[in-house]
Amino acid sequence: MKNRLATLIGIVWLSAVIGFVLAPLLIALVVSFSDSELISFPISSYSVRWFATAWQKEIFWRSALNSLWLALAAVAVAGPVGLAAALAIRRAPPAIAQPIEAVLMLPLLVPAIVLSLSLLVASVITGITDAPLRLWAAHSVVVLPYVVRTCLASLGSMPRQVEEAARTLGASPWRVFRHVTLPLMRPGLFAGCAFAFILSFDNVSVSLFLVNQKTPTLPLAIMNYVEYNFDPGVAAVSATMVALSLAIAWLVERMVGLRKVLG
Amino acid sequence: MTSKRIDATESHWLALPALVLIAAFIALPCVGLLLLSLSTGFRPGDGWDALLSGPLGLDHYRRMLGDDFVLGRLGRTLAISAAVTLLTLAMGVPLALACWQTRGPIRNLLVYASVMPLLISIVVSAYGWSVLLGRKGLINETLLSMGLITQPLKLMHSDLGIVIGLTHILLPFMVLSVLAALERIPRALLEAASTLGASRWQTHRLITLPLARAGLRSGVLLVFTLAMCAFVTPAVLGGNGTPVFPMVIYEQFSASFQWAYGAALSILLLVVMMLIVAGFLSVSSPKRAA
Amino acid sequence: MSSLALQIDAVVKRFGATTAVNNLSLDVTQGEFVSLLGPSGCGKTTTLRMIAGLERPSAGTIRIAGIDVSAMPPEARDIGMVFQSLALFPHMTVADNVAFGLRMRGRATDRLAERVREALDRVRLSGFEDRYPDTLSGGQQQRVALARAIVTSPAVLLLDEPFSALDRSLREALTLEFSGLLREIGATTVFVTHDQEEAFAMSDRVAVIEGGRLMQCDAPATVFGRPSCTRVARFVGMSNLLPVTKGTDGALRCELGPLSLVADARGVPPAVVGFRPDDIRLADPAPDSAGLQFSARISRCTFRGRQVQLELTPDLAPGHSLRMLAESGSPIPETGVVRNFLVAPERLHLMGE
């Protein structure tokens, strides 16, 4: 009897928690389909017109393109660099591998605001104030730990001794990498890069102080827009972003499993 | 044997690009920030030579420690972070337990739901909450139409809004930390407990949770420190002015152009964080590895 | 005069403070099958890995086909290796796996498919070219691993306990098959195992290794019947070992009594005499019997199926317990009884320390 009551309470509480987690997303989704000029409840009529309208606004599609290029550029750097670092960590004796791994996880430990501000200060002091460039630097370094982590997990699950076997068959270290290591860890590498893409695309805290008026990123454009506008346009844009993020996340889950990426 | 053994030195250099990246874009800028916080004559617009050659002093730190407003904000941020941590514990631990104990589609649903806020931009989360919590938001409209209240509740633009928003985006970190620790517990222990007569609640209280302590610890640490440093969510959902410490820092850079002071405040934030981490780890030090 | 395919010369391997291989020297002639036999952790796998180039010796040299390879990486050595975990490339077909060595060494590019087919025929896996390793049984995977290693006709073939994951009957079958095949192609093979029966069945010579040192390297029958020291003796099951002294008259004796007409220990001053548990017989006391006679009490009797294990406490050396194995069904006295026992002279073996 007691057990059943406890289970009931548990289920009720869990449902409330799940509701809590999904509420803002569902709301954004619902509002994006509303037909009115303002966000008000209850919603009287539904339409998809806001998707068209919102994405026609220059600020949104231009910042979306910026975010897209930025994310691709960040992954283009973090991918190979992270892969190389993971290889080095795996092959090195623990005395060297552990410190290297710890250092590579630094971007996760430093608060985003400190990261962003310190890069801003550095950029101003050195005179390199090109916004795309400093954004590129910041995003590359912020997503790097995730790529490293996924690659390490992928390397860890590789069958033992295949790399040694390849060498006894005459393959130099580079050829071992090309013919054996890389093909076997491709799914993991892809998943890490895909996740890094989402993180860069969605990122706000690090981009905040490094953008300039001419090159906003999509999340920041949304933030600015929301301050002065109360139409469902923002919801439409947000819903699109959510759809993109979830699509990529689903892909990662299918290939490698999200848990491996999140560490 | 892994390929570690084949002439290990040939691979170390592969880590170099990554280390250079971290040094150039994290380590050096932080050092720069530290220098900035110690500089006395720096003006925005000066170059790095001015920074290096200028007189150094602890003026900004002295000012900071005597500034009641700043210290007050720090305290308030600590309180908000503590509230967020407690809420994520209350929500996240049952969620992690449920993920751990279920199988199949229900388990997948629970795990995806837990992880969802991580996959979505925090701006979208904050926006969603603003629509829910605003004066004309869904909650208020519903409660008004049901006659439960006569005036809209001030849920947003307040510390409550900040706590709700931060709990939402930080919940996944708690769930993942606890879940990882739970998955290391051999199932046989739970079965043994039940054959010894323990109810489910007793098993969890006496066996599961103590063994998952490491996960709880890292979850609490992660959530608390992330809440301390949060900027965007408080900016969107918080009240006027600068309700939390990171926003005070931001103001030094954007509004009052007191960069050196802002740098000192940033260093203070870093130091407070490290103290919290160190303090927490030493208080709850594990006797055995969990 | 056959040439030496492999020369290991005073090789040492240290890992930090531990010495895994200590001054090991071994020569293998072309076409020979040598096993490295010993308990886990004795250094046999480390030695094999040094031959392959996967570990670098701390001291000493290794020559393959006359060339000093001590500083060469594995890909430059003329070797083929079968790993304990087999290490087949899961993302390649059987044919690609087998062809890999040929491709990497740039050989026979125009006749690649043909060479692969030949190798698969030899290991009795014809037609398996397009299969993937994870669709094969354990035995089939073994054959692919062997085919991959031999297709390049290496100067030395290295096998690292390849059968350890298989069940008994499959092991026995593969042991016979592989040793026949390797003899057929004339491969020089170094085989690492902890299983004595396997080593004895397959090898021309067995090298017993313990604590990083080479204890004895001889034909299987010699290692089994005439171990050179007590450590090897214990390893091959000659568990009854007694110190030996020489009397002023030159006669040998041990604690239990005189030893008569026992063959010499080869070239080594005899320090210990050993005999197997199954070589002790019940016998009536007879003076001047050859071999070793002694009287003992049966202190324990354990039934083990085909054999009965007896623990004997000799009258003249009550601190020394001897082990005896007798066929079940043979007349065995009761526990506690004192009887006379005999070990025939050809069953007594003298050895050094």
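Trainee: Is the crossing of helix 3 of chain A and helix 9 of chain A left-handed or right-handed?

Mentor: Keep in mind that this is a predicted model. The crossing of helix 3 with helix 9 in chain A is right-handed.

Start with the geometry. Two packed helices are described by the angle between their axes and the distance between the axes. Here helix 3 spans residues 58–91 of chain A, and helix 9 spans residues 173–202. Their axes come within 9 Å. The crossing angle is roughly 140°. That makes helix 3 of chain A oblique to helix 9 of chain A. The cut-off matters here, because roughly antiparallel needs an angle over 145 degrees.

Now the residues. Helix 3 of chain A brings A:S67, A:L70, A:A71, A:A74, A:V75, A:A78, A:G79, A:G82 and A:L83 to the contact. Helix 9 of chain A answers with A:L189, A:G192, A:C193, A:A196, A:F197, A:S200 and A:F201. Sorted by class, this contact of helix 3 with helix 9 in chain A has eleven nonpolar residues and five polar ones. None is charged.

Helix 11 covers residues 213–228 of chain B, and helix 14 covers residues 259–283. The two axes come within 10 Å and cross at roughly 165°. Helix 11 and helix 14 of chain B are therefore roughly antiparallel to each other. Helix 11 of chain B passes helix 14 of chain B in a right-handed crossing. From helix 11 of chain B, the residues in contact are B:L221, B:F224, B:T225 and B:M228. From helix 14 of chain B, they are B:M273, B:I276, B:V277 and B:F280. This contact of helix 11 with helix 14 in chain B has seven nonpolar residues, one polar residue and no charged ones.

Step back to the whole of chain A. It has twelve helices and zero strands.

Take chain B. There, 79 residues of chain A are in contact with 70 residues of chain B. Helix 1 of chain A, residues 2–32, gives the most to the chain A side, with 16 residues. By class, that side of chain A divides into 61 nonpolar, twelve polar and six charged residues.

Next, chain C. The contact takes 16 residues from chain A and 17 residues from chain C. On the chain C side, strand 6 (79–82) and helix 2 (94–104) each supply at least two residues. The chain C side that touches chain A holds eleven nonpolar, four polar and two charged residues.

What lies behind that side in chain C? The domain assignment gives domain 1 (4–225) and domain 2 (236–351). Their centres, taken over C-alpha atoms, are 40 Å apart.

Chain C has paired strands to look at. Strand 1 (residues 4–15) and strand 2 (residues 18–29) of chain C pair antiparallel over eight bridges. C:I8 has C:L26 in strand 2 as its bridge partner. These two strands of chain C form a hairpin with two residues between them. In its turn, C:G16 has a positive phi of about 65°.

One has five strands in the order 13-12-11-14-20 in chain C, with antiparallel pairing. Its edge strands are strand 13 (257–259) and strand 20 (349–351) of chain C. The twist averages 40° from one strand to the next. Three bridges join strand 12 (residues 252–254) to strand 13 of chain C. C:L252 is the bridge partner of C:L259 in strand 13.

Another open sheet in chain C runs 15-19-16-17-18, again with antiparallel pairing. Strand 15 (280–282) and strand 18 (322–327) of chain C are its edges, each pairing on one side only. Neighbouring strands of this sheet are turned by 50° against each other on average. Strand 15 of chain C is joined to strand 19 (residues 338–343) by three bridges. C:L282 stands opposite C:F341 in strand 19 of chain C.

How values were computed. Residues are numbered from 1 along each chain as its sequence is written. Chains are lettered from A and ligands numbered from 1 in the order in which they are written. This is a predicted model: local features need pLDDT of at least 70, side-chain atom pairs count only at pLDDT 80 or more; totals for chains, interfaces and linings use all residues. Domain bounds come from an automatic or database domain assignment. Axes are lines fitted to C-alpha atoms, for helices over the stretch in contact, and angles run from 0 to 180 degrees between N-to-C directions. Helices (H or I, at least four residues) and strands (E, at least two) are DSSP runs, numbered from the N terminus. Angles under 35 degrees count as roughly parallel, over 145 as roughly antiparallel, 65 to 115 as roughly perpendicular and the rest as oblique. A crossing is left-handed if the near helix is turned anticlockwise from the far one by less than a right angle, and right-handed if clockwise. Two residues are in contact if their C-beta atoms, placed from the backbone, lie within 7 Å. Ala, Val, Leu, Ile, Met, Phe, Trp, Tyr, Cys and Pro count as nonpolar, Asp, Glu, Lys and Arg as charged, and the others, Gly among them, as polar. Two strands pair if DSSP finds at least two bridges between them.
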